[in-house]
Amino acid sequence: MKEPATEPAPQRGKGTVSMITKRSALMMRRSFEKQTYRFTQAPPAQFGNFLGVYLHVPFCYRMCSFCPFYKELFSEELKNRYLTAILKEIDDSGIHGQAKWVYFGGGTPNTLSVKELAGIVDHLRVKFNIGSLGIELLPSLLTDCYLRDLRRIGFTKISLGVESFSGEVIGKTGRKLSACRFIDELVETAASLGLWVNVDMMVGLANQSAESFIDDIHELTATRPSQITIYPYMVIQGVKDTPSMSDQEQFELIEQAAGILKQAGYARKGVWIFAQGDDVYDSSRDELTQDYVGFGPAAFSTCGNWKVVNPELGIYLSNLEHNRRLAFVAPKAPAADEWRGFARMIYDLHTKPDHRFPFYIRVFLLLLKATGYSRGNNLTPKGLMFAHHVTKSVVESLPFPIQNPAAVENYQEYLTYKQKSN
Ligand SMILES: C[S@@+](CC[C@H](N)C(=O)[O-])C[C@H]1O[C@@H](n2cnc3c(N)ncnc32)[C@H](O)[C@@H]1O
């Protein structure tokens, strides 16, 4: 017989976000918001020999209502100009060395054919000694043949943007419904080819209930991808829907999913990342701290004392077609970078003091320990909640200069220039 419950079950979403969490998130938000860009000539690239390489493929066949990333509707004409431009950008960049990772993101990178991707990879190989080669893929466009060809040209990792298995949820985002029924077959084929597979899921999407999210997690564990990433719904400029649940509810559901994934043999590698084995696929994590170069419209680079963001497609094409390098440029802000380093550490679920941290961050770490957010160098359950809210807030407040006039000192000049380029 079932034991009677001695304590009432906690009500979902009723936990409170502590003052220390709210204040820390606000403090970081403020330090990031202070960083502003100027639309101007990009400084010369000065990279060390070790870096990450990101390529932005800005095309999508449909626009997902939850997605804030820079993208354009696919057209053959734009795609052809883009391909010419990105090869020129790589060739002319003067950047070379050991690329720990190369990552194609989007948009939807699989709007390009494998032959077109191979052309880009060939140009990269002239400049870089490539470690892992990864690509983000929209499942509804995928075939076994495409996966086989990706492997043949050297891709080692793929990330499938599944988000949810529920037709009601996916239908509301503007995506095609059919794709998600084949995820188990895609994961199996990819694994049999030796590809390492991440699946992205989201919690808090419009029309999504707690029950349908938990069903998704059970369904996904049966397909056994190498890694599962569960993103809370981030509200960034460009997102059209509102989340179906509060931040705290999203956090609690991720924690519930963490329990299911642990039982299924996944280890937690980050606040939102669960993997089998030691490898982790997450370029955004390195973006917090490592130098990397971004090719393609809207791609970010950090190098030397600068952060540089390429302009959107129209200006990007005209730049490359006329040998110009206009971009959004910001000097690196030491305080923002220090807090980014801190955010990266708690995202990785530990609080090991790092000698590079300034005094005020080391004091803050002591405060977290004294108030029960960390024990030893690990986060406590209270610390996990802190890590979730702070990471979410950090991502939501990253100053994306495109479509964000407040982040660009001379945004009007940019708009005028954009009109001339189109
Ligand atoms: C560039 S996006 C999508 C790439 C590709 N078009 C696809 O559909 O797979 C990469 C991932 O970011 C996550 N994402 C997009 N918008 C988000 C948002 N508003 N909040 C949280 N995660 C988001 C999704 O999980 C998505 O798979």
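Modeller: Happy to! Let's begin with strand β1 (residues 38–41), which runs antiparallel to strand β15 (residues 326–331) and is joined to β15 by 4 bridges. Two strands count as paired if DSSP finds at least two bridges between them. Helices (H or I, at least four residues) and strands (E, at least two) are DSSP runs, numbered from the N terminus. Within this pair, Q41 stands opposite L326 of β15.

A word on the source: this is a predicted model, where local features need pLDDT of at least 70 and side-chain atom pairs count only at pLDDT 80 or more, while totals for chains, interfaces and linings use all residues. Residues are numbered from 1 along each chain as its sequence is written.

β15 also pairs with strand β14 (residues 306–309), again antiparallel and with 4 bridges. Here W306 has P331 as its bridge partner in β15, and V308 stands opposite V329. β14 is in turn joined by 4 bridges to strand β13 (residues 300–303), and these two run antiparallel. β13 and β14 form a hairpin with 2 residues between them, and G304 in the turn has a positive phi of about 50°.

Now for the helices. α11 covers residues 334–347. Its 14 residues reach 20 Å from first C-alpha to last, close to the 20 Å expected at 1.5 Å a residue; the expected span is 1.5 Å times one less than the number of residues. Its buried residues are A336, W339, F342, A343, M345, I346 and Y347. Buried here stands for 20 or more other C-beta atoms within 10 Å of a residue's own, exposed for 12 or fewer, and partly exposed for anything in between, with C-beta atoms placed from the backbone. Just after α11, L349 takes a positive phi of about 70°.

Helix α13 (residues 381–396) has 16 residues and reaches 23 Å, close to the expected 22 Å. This helix is mostly covered, with 12 of its 16 residues buried; among them are F386, H388, H389 and K392.

The loop between α13 and α14 (411–421) holds A407. A407 is buried because 21 other C-beta atoms lie within 10 Å. Leaving aside neighbours within four places in sequence, A407 is in contact (C-beta atoms, placed from the backbone, within 7 Å) with T36, Y37, P399, F400 and P401. By contrast, the C-alpha atoms of A407 and I153, 254 residues apart along the chain, are separated by 39 Å.

Stepping back, the chain has 14 helices and 17 strands. The radius of gyration, taken over C-alpha atoms, is 22 Å, close to the 22 Å that the globule rule (2.2 Å times the number of residues to the power 0.38) gives for 422 residues, so the chain is as compact as a globular protein of that length. Buried residues make up 42% of the 422. Of the contacts with a separation of 6 or more, 76% are between residues 24 or more positions apart.

Finally, the ligand: 18 residues surround it, the closest being T108, G161, D200, Y231 and M234.

Note on methods. Near = placed C-beta within 6 Å. Contact = placed C-beta atoms within 7 Å.
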